[in-house]
Amino acid sequence: PILKSRWPAIAETTSRVAVHQAEIITLEDEISHCDFINVVNTDRQTLCISQLTELSMARQKNLIRYWIKSLKLPPPDSLHLKHIFKDVLSSKVDAQPCVSWKGAEVRRYRDELYALTPLRMHDKQQEYIWSLDQSLQVTHGELRASMEKDGGIRPEACPSNSLLVRYRRGGEIIRPMGRKKQHDLKSLMQEQGIPAWCRDRIPLLYIDDKLAVVPGLWIDEEFASTSCEKGWKITWTGMDKLVPI
């Protein structure tokens, strides 16, 4: 009442401003959606940095907010958004920058911007003895094994039906099925485009102290069953918890 006594048209003015604000928000969302279609990698729901940075600064900020919202992650405040531009987008291609806030974090790998829930603490020195007839809960996800006729570990390669599970510590080698020689695991992961923060969190399966399986990626030729015989097929549910690739 006091405001209305001073400005009699305040109710109409406030209503008109609210309508204008709603129109602006709708327009921002429409612009963001158009930019999103042009910049997003739909397979991984990441943003292409080189395409993102071709936009004006205002549209970049708008798009990043829209993208994070689309992933159902908490939005960054102005300070964290500033750090995304300063510490992540402006970093070198081979850097491993990360900006995090409660419930979310943004990382860079090569020319892509990733947004995900914060990674859990992980001790890469831990080891497990895994009995293949049971599932095994690991830091990220779960390991399962089933006897199938579609590629896997030859049963005679692990007669005890158990494997050693450990994590990458450096220097691991494996000869993937179909390849003529062994390869450094780090190089294979780079070749596959696996982001750096995922690599030490992927469980590695060993038989007689030899790397036999990297779940979902490679089986060593020495331990692999043929397409005509049954073998232990290994599945791991953790990769999508780290980042979709």
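Is Lys210 buried, partly exposed or exposed? At 43% relative accessibility, Lys210 counts as partly exposed, where buried means under 20% relative accessible area, exposed over 50%, and partly exposed in between (1.4 Å probe, protein chains only).

## Basis of the description

This is a predicted model, in which local features need pLDDT of at least 70 and side-chain atom pairs count only at pLDDT 80 or more, while totals for chains, interfaces and linings use all residues. Residues are numbered from 1 along each chain as its sequence is written, and side-chain values use heavy atoms, with hydrogens and water left out.

Helices (H or I, at least four residues) and strands (E, at least two) are DSSP runs, numbered from the N terminus.

## Salt bridges

A salt bridge is a side-chain nitrogen of Lys or Arg within 4 Å of a carboxyl oxygen of Asp or Glu. The whole structure holds 11 salt bridges. Lys210 takes part in one with Glu222, at 3.5 Å from N to O. Lys210 belongs to strand β13 and Glu222 to the loop between β14 and β15, so the pair ties together parts that are 12 residues apart in sequence. Glu222, at 40% relative accessibility, also counts as partly exposed. Elsewhere, salt bridges with shared partners join Glu127, Arg166, Arg169 and Asp209 into one network.

Glu112 and Arg44 form another salt bridge, with 2.7 Å between the closest N and O atoms. This pair links distant parts of the chain, 68 residues apart: Glu112 is in strand β5 (residues 112-116), and Arg44 is in the loop between β1 (40-41) and β2 (46-48). Glu112 is buried at 15% relative accessible area, whereas Arg44 is partly exposed at 24%. In the salt bridge of Arg154 with Glu156, the closest N and O atoms are 3.5 Å apart; Arg154 is partly exposed at 21% and Glu156 is exposed at 51%.

## Aromatic pairs

Rings of Phe, Tyr and Trp (its six-membered ring) pair if their centres lie within 6.5 Å; planes under 30 degrees apart count as stacked, over 60 as edge-to-face and the rest as tilted. The structure contains 2 aromatic pairs. For Phe36 and Tyr66, the ring centres are 5.7 Å apart and the planes stand at 65 degrees, so the pair is edge-to-face. Phe36 lies in helix α2 (residues 10-39) and Tyr66 in helix α4 (residues 57-70), 30 residues apart. Phe36 is buried at 12%, while Tyr66 is partly exposed at 22%.

Tyr114 and Trp197 also form an edge-to-face pair, with 5.2 Å centre to centre and 80 degrees between the planes. Tyr114 is in strand β5 and Trp197 in helix α7, so this pair ties together parts that are 83 residues apart in sequence. Tyr114 is buried at 2% relative accessibility, and Trp197 is buried at 7%.

## Helix α6

Leu185, Leu188 and Met189 are buried in helix α6 (residues 185-192). These residues cover an arc of only 100 degrees around the axis, which puts them on the same side of α6; the arc is that of the directions from the helix axis to the C-beta atoms. Gly193, which follows α6, has a positive phi near 80 degrees.

Two strands pair if DSSP finds at least two bridges between them. An open, antiparallel sheet is formed by 3 strands in the order β7-β8-β15. Its edge strands, β7 (136-137) and β15 (231-236), each pair on one side only. Between β7 and strand β8 (residues 142-148) there are 2 bridges, and Leu136 has Leu143 in β8 as its bridge partner.
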